Amino acid sequence: MAEVNGIHNLSAARKLLKTSLENSRALASALERTGPRLEQIKQKLPALEAQVGPCLSRICKSVAFRDHVDLAVGPAAAVLKMFDSIRQLEDMLLSVPSLDDLSNYISATVRLEEALKFLADNCRLAIQWLQGLVEFMADGVFTIDDRYISKLQMSFKILQELQGTREHACLKGGLLYVAFDKLETLFKQLLMDTSLSSLSTVEQGYVASAVFPASILGKLQAIVKRLNANDRLKNCRTIFVEARSMCARRSLQTLDTDFRKKSITESDDFQDIEGCIIQWSKQLELAVKYVLELEYRLCKEVFNHIESNVWTGCFAEISAQSGILSLLQFGMSIAESKKDPIKLLKLLQVFAVLDQLRMDFNRLFGGVACVEIQNMTRDLIKKVVNGVNEIFWQLPLQVELQRQSPPPTDGSIPRLVTFVTDYSNQLLGDEYRPMLTKVLEINQMWKNEKYEEVLFTGQIYSVMSEIAVNLDVWSKAYDSTPLSYIFMMNNHCHFHSLNGTSLGSMMGDSWLSAHGQYKDYYAALYLKESWGKLLHFLTKENQISSSPNRRTGSNLLKKSLKAFNEAFENIYKKQSNWVISDEGLRQKMCQLLVQTIVPAYKNYLQNYTLLVEGDADASKHVKYSSKSLENMLSTLFWPKLLNFESMRDSSYADEIQNVFRNQCCLTLKAM
């Protein structure tokens, strides 16, 4: 069965091969017949190609030319449309704008800028496609009428001119230039009208909200933003600086500025300098905290959308032109004036003002643009600190140098003593001590040294020690011992009276108590040395009354009374020019004199009357009654030429100031 199937398969394969062989023979015969025909077609193709090729090229270039024309037509049409829009805006922009219509005017400038940009972009596209058309025409493929070529060239030229419309509009006389000029004019008008209408003196209140309402501020910001976008901010900035500088100057000029013209270096009037510094401190504070604080905020708000260096630069120029530099220069003149102790207090007042305004100065003038104000302020602080330290550390030496001067001829307190104690109390008081401590700390810091409180208090101790030495020297300069006791009593009383003062608290209770004891000690010495001898004449009546011869006793009593009168008059005449400065001590000493002399004198007169009874000449030897003697003793030691009120007079202060100043200047110059 398997063999039968195999034979059947072989037979089928034989038939298939036979059929394939016949087909191959038929295909070969057909190919032999086709070969000659293909050869004929091959020979005809070059001629056909030569005839059809130029037509196809012309068709392709025609399509490309049409595409360039279509692409150029779109931008050109847009150019025409936009040019018409610009013409419409031109009428509005050339008109005089009002403040009420400012937003519409600014909006028109924005539309004009956009239109000019769009015009330039479309002109550039149209020019590119027209350049393509020119290149096609240059190939000579098409024959084009010369009129069309001329129009094409004219269109090309017009588009080039229109492309530069924006640049021309920004040039002087151009549409944008004129529009921006009008915006600058409006900017200036807004500034001037608002500033002048709201301007008030510093005393009346320099209120920021009243100067720039929100609506005005918004208009100013809109103008600044528009001008800045077109590189026209320079003129706008100049206008702002001029307007606000004028406003700041006028605000400060409403104050009294005469003191700034004063030559402090040549002034010796203490009261005058005091008044000038008070005026200066008030005006500097007003200038910084009110006038320039307002200008700082306005600059920042008006130019808030611009780089920070713009508004900080504006503020720096306004500050420099406002008058603050002249105020700082006045402070410099104080710092550079003659060196004397009174000057130290003035410098501390200057430092107090600068320290109070330190945070404001750092915030307002801390930028790079305010370098001039920074440098002058830094120099002023340096001169003040150095000046205070120079004077302060020279105080003991200045007291020592006064040792060569004579003491007061009336035994009163030397003016140097009262000046130094009052001066020390001022330095130790709440007004000056904090500032002096700060200045000393700064000076120590500059020297890379640590400040300690003992530096300050130790210097005051040194001053008082020098005063004590001066008193010892001066007391020994008197020819009269009682007068030297009066002198020492006066000064110890003065020091004892410092109880409750800053200086007294620093020196301590033991120091005050010791001076009180010394006061009493010298008072006792004075009474014993001066008036104790006078009692000797009043005690002789005991010897006279015991005389056996009444006439002889009467004569001796008359001589004794005469000697008493002469001694009393001599002492009284000499001491009537002496002074006890303290009123309480003066009353106490006069009372002691009355209690010591008057009772003894009264008793003496009673005995004298009994012994000389019946003597007609006896009464003429009694020059003083006990009451008149009491009145004379009660009026001793009163200041004759200088009372308490005159002690407070400016001439007194000037005299003391000059004493220190002359020596202080010589010492500091010699350093």
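Student: What makes the pair α17 and α18 roughly antiparallel?

Tutor: α17 and helix α18 (residues 481–496) pack at an angle of about 160 degrees, with axes 9 Å apart. Axes are lines fitted to C-alpha atoms, for helices over the stretch in contact, and angles run from 0 to 180 degrees between N-to-C directions. Angles under 35 degrees count as roughly parallel, over 145 as roughly antiparallel, 65 to 115 as roughly perpendicular and the rest as oblique; α17 and α18 are therefore roughly antiparallel. The model is predicted: local features need pLDDT of at least 70, side-chain atom pairs count only at pLDDT 80 or more, and totals for chains, interfaces and linings use all residues. Residues are numbered from 1 along each chain as its sequence is written, and side-chain values use heavy atoms, with hydrogens and water left out.

Student: Which residues make the contact between α17 and α18?

Tutor: On α17 they are M464, I467, L471, D472, W474 and S475, and on α18 they are S484, F487, M488, N491 and F495. Contact means heavy atoms within 4.5 Å. Helices here (H or I, at least four residues) are DSSP runs, as are strands (E, at least two), and both are numbered from the N terminus.

Student: How do you know that α18 is roughly antiparallel to α20?

Tutor: The axes of α18 and helix α20 (residues 509–531) cross at roughly 155 degrees and come within 8 Å. That angle makes α18 roughly antiparallel to α20. On the α18 side the contact includes Y485, M489 and H492, and on the α20 side it includes W511, Y518 and Y522.

Student: Why is F365 called buried?

Tutor: Buried means under 20% relative accessible area, exposed over 50%, and partly exposed in between (1.4 Å probe, protein chains only). F365 has a value of 2%, so F365 is buried. This residue lies in helix α13 (residues 358–365). Beyond its neighbours within four places in sequence, F365 is in contact with several residues, among them F315, I324 and C370. The C-alpha atoms of F365 and F315 are 8.9 Å apart, although 50 residues separate the two along the chain.

Student: How do you know that C370 is in no disulfide?

Tutor: A disulfide is a pair of cysteine sulfur atoms within 2.5 Å. The structure holds zero disulfides. For C370, the nearest cysteine sulfur is that of C299, 9.6 Å away. C370 is also buried, because its relative accessible area is 4%.

Student: What makes the link between E184 and R232 a polar contact?

Tutor: The term covers a pair of N or O atoms within 3.5 Å; within protein, one must be able to donate a hydrogen and the other to accept it, and residues adjacent in sequence count only if both atoms are side-chain atoms. The side chains of E184 and R232 make such a contact at 3.1 Å. E184 belongs to helix α5 (residues 175–198) and, at 8% relative accessibility, counts as buried.

Student: Is N448 buried or exposed?

Tutor: With a relative accessible area of 74%, N448 is exposed. N448 sits in the loop between α16 (433–446) and α17 (453–475).
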